[in-house]
Amino acid sequence: MTSSALSSGRPAEIRWHPLIVRYAPVIAIVLAIIAIWYVAAVLMNMGIVRSGFEREETPYTIADLISGTLSAERPLLPAPHQILQTFGEDVFGWPVTSPRSLVFHSWVTLSSTFIGFLLGAGFGIILAVLIVHVRTLQKSLLPWIICSQMVPILAVAPIVIVVLGSIGLRGLLPKALISAYLCFFPVTIGVVKGLSSPDPIQLDLMRTWSATAAQIFWKLRWPSSVPFLFASLKVSITISLIGAIVAELPTGAQAGIGARLLAGSYYGQTIQIWAALVAASLLAVGLIGLVDLAERWVGRAMGART
Amino acid sequence: MKPDWQRGVFFAAALGMLAAIVVPLSSAPAAGLLARPGLLALTVVAAALYGAAAFVAPRLSIAMTFAGVILGCFVTLALLRDDAVAGTATWGFWLAVVANWIAAWLGVARLAAVRPQEKSAARAIDLAIPLLFGAFLFYLWEVAVRGFGVPSVLFPAPSAIAVRFAASLMMLWEDFFQTFILGVLSGYVIGCSAGFLVAVIAHRYTFLGRGLLPIGNFVSALPIVGIAPIMVMWFGFDWPSKAAVVVVITFFPMLVNTLAGLNAAGYIERDLMRSYGAGHGQTLRKLYLPAAMPFIFNALKINSTLAFIGAIVAEFFGTPTRGIGFRISIEAGRMALDVVWAEIALAAIAGMAFYGIVALAERATTFWHPSYRT
């Protein structure tokens with residue numbers, strides 16, 4: 001998209017450097033959000049801090065009040081620097097095996113995210129291959145798969161954990177299964193689209209070469225579905241993370257980012273909740289980055305032009 | 001080649017039904033099919049239908065197969081009413097079930113292969129296949145749970161869930177009202193309209209749009225449900241906190257999609273609007289918004305599922321004593337799984353209806369879009 005396209009046709013007066021055109025608005029808006037955040041933190045925490053001062057009957061100035069709102073222990077809305085500080089302490093302040101370390105909790109969530117993602121993506125791909133090749137399945141199963149996504153599946157999470165727990169499955173696997181259940185759908189839909197993306201001309205060519213179904217699959221359908229596969233994997237790995245976090249809620253799990261959120265909400269530790277959210281966001285970004293790397297690597301191996 | 005292979009399968013189904021007559025039905029002492037003349041007659045008729053279906057024309061064979069499947073399903077379900085069979089079913093019983101299964105599969109496969117000339121008939125078949133498939137899945141679930149005697153604490157049968165559903169309509173309505181009408185709908189309306197308005201403003205001021213689009217894309221990928229505990233802290237246990245979570249969750253997909261849609265209008269159309277001397281308001285109304293409609297509906301559809309998930313997850317962090325998420329977590333703790341499944345059925349029906357209404361509205365407003373032209 002060129003700059004003239006976005007300025008809705010008006011002649012551009014000054015030609016900015018493309019990097020500035022691209023990043024200046026983002027930086028400006030991020031700064032604006034941080035500024036609004038600080039103002040909101042001051043306004044929202046004002047009540048608590050003021051009543052604190054009044055209870056102790058100490059005289060206070062406006063400056064005391066404002067600095068109090070930005071360093072309160074249990075603020076309604078913690079200031080960004082408080083969140084970052086707690087995040088830094090939780091990440092670096094404890095050994096990674098300690099249950100107080102955010103690295104430990106992130107690892108717990110990450111491991112069930114990964115297992116769930118692998119299960120879900122594998123299942124999704126197999127399902128897609130079946131659906132593309134068996135016409136009956138395409139007609140009968142696909143509508144139900146789509147319907148299953150309109151069901152708020154996370155609602156099932158607690159009973160899945162309870163039921164699996166009662167037959168002796170505990171720990172990582174139930175959480176991973178919930179992640180898998182959530183994340184297979186984008187993969188199935190994407191791969192079905194990808195596997196059926198070759199043109200009829202290409203399929204006809206394969207047929208004139210009297211290629212078998214397996215040859216058509218490995219040499220034509222599968223390679224042409226790879227871009228679709230990676231687009232779906234990016235969506236489904238974040239969904240898998242969400243599934244892992246939510247699956248940690250209902251059992252009152254002892255470890256994981258979800259457990260951290262739950263504990264924070266029980267004890268009113270707002271800063272801890274926000275720090276856990278920061279960790280979850282970083283995980284999401286990192287996971288998408290990983291899939292992105294894999295996509296580039298596969299693309300290069302397949303000879304894609306970059 | 002293919003019909004021969006299918007003929008063999010039909011014979012197998014017929015043989016399976018006949019075998020159920022002689023092979024014992026249950027490991028407990030129970031009367032066989034020979035001692036139940038009514039069911040015996042139905043079993044023989046079903047087997048005859050399966051066997052005959054192998055020889056007649058395809059369309060007739062579909063009708064005969066489904067008639068046989070209905071009879072066969074009736075026989076097995078009737079057998080489960082006998083306590084001597086339910087929970088201790090063995091080979092004879094499962095042979096009948098499997099025979100029904102493969103017959104039903106063949107029937108659906110043949111139905112899927114039918115390509116009628118008339119469009120309405122094709123549409124009816126496309127609708128019938130998933131319905132038949134789903135109905136048979138429920139049958140298998142029912143038969144498996146009751147035949148194997150799975151304790152209802154672990155996995156209740158669909159019939160038990162249906163009974164529970166019908167018996168607790170008042171409670172379900174209360175939960176539905178609390179979670180869906182109060183939490184989901186209000187949050188959905190506020191979040192979607194806010195996202196839409198911000199997108200329209202961001203489209204007007206290019207600088208804002210260029211800044212918001214990457215941020216919106218970034219935030220859409222984050223696990224936003226995590227703000228649920230914060231919203232519960234800010235807005236209390238009742239529905240406003242659920243609505244707030246839904247607002248935040250639905251805002252960003254709407255923003256990103258609407259922005260993409262507003263930028264979807266082509267240069268030629270924009271130039272045409274400019275040559276007519278149309279102002280921004282007119283161009284927005286007559287060009288940008290109609291062009292953005294498919295994108296907006298895409299966001300509305302994504303949001304309809306996201307909103308429900310957000311509201312239910314928020315209920316895990318604290319609710320008044322009603323709501324779908326609340327009921328599910330409480331009853332799952334008490335191992336009353338039939339109530340839990342009834343709530344899930346409620347959520348499923350509501351979720352599909354919600355999505356369906358949005359999809360219908362989409363068809364009504366964007367009927368001009370290429371994806372609907374067939």
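Among contacts in chain A between residues at least 6 apart in sequence, where a contact means that the C-beta atoms, placed from the backbone, lie within 7 Å, 75% join residues at least 24 apart. In chain B, residues 24 or more positions apart account for 77% of the contacts with a separation of 6 or more. This is a predicted model, in which local features need pLDDT of at least 70 and side-chain atom pairs count only at pLDDT 80 or more, while totals for chains, interfaces and linings use all residues. Residues are numbered from 1 along each chain as its sequence is written, and chains are lettered from A and ligands numbered from 1 in the order in which they are written.

**Chain A**

- The secondary structure of chain A comprises 12 helices and 0 strands, these being DSSP runs (H or I of at least four residues for helices, E of at least two for strands) numbered from the N terminus.
- Chain A has a radius of gyration of 25 Å, whereas a compact globule of 306 residues would have one near 19 Å; the radius is taken over C-alpha atoms, and the globule rule is 2.2 Å times the number of residues to the power 0.38.
- Along the principal axes, the C-alpha atoms of chain A fill a box of roughly 90 × 70 × 35 Å.
- Of the 306 residues in chain A, 36% are buried, a residue being buried if 20 or more other C-beta atoms lie within 10 Å of its own, exposed if 12 or fewer, and partly exposed in between, with C-beta atoms placed from the backbone.

**Chain B**

- Chain B has 14 helices and 0 strands.
- With a radius of gyration of 28 Å, well over the 21 Å that the globule rule gives for 374 residues, chain B is more spread out than a compact globule.
- The box filled by the C-alpha atoms of chain B, taken along the principal axes, is roughly 85 × 55 × 30 Å, and 45% of the 374 residues of chain B count as buried.
- Chain B is assigned domain 1 (2-150) and domain 2 (166-372), with bounds that come from an automatic or database domain assignment, and the centres of these two domains, taken over C-alpha atoms, are separated by 43 Å.

**Interface between the chains**

- Contacts link 46 residues of chain A with 49 residues of chain B.
- On the side of chain A that touches chain B, at least two residues each come from α2 (18-56), α6 (135-150), α7 (157-166), α10 (213-247), α11 (257-266) and α12 (270-301) of chain A, and α6(A) gives the most, with 10 residues.
- By class, that side of chain A has 32 nonpolar, 12 polar and 2 charged residues, where Ala, Val, Leu, Ile, Met, Phe, Trp, Tyr, Cys and Pro count as nonpolar, Asp, Glu, Lys and Arg as charged, and the others, Gly among them, as polar.

Key:
Contact = placed C-beta atoms within 7 Å.
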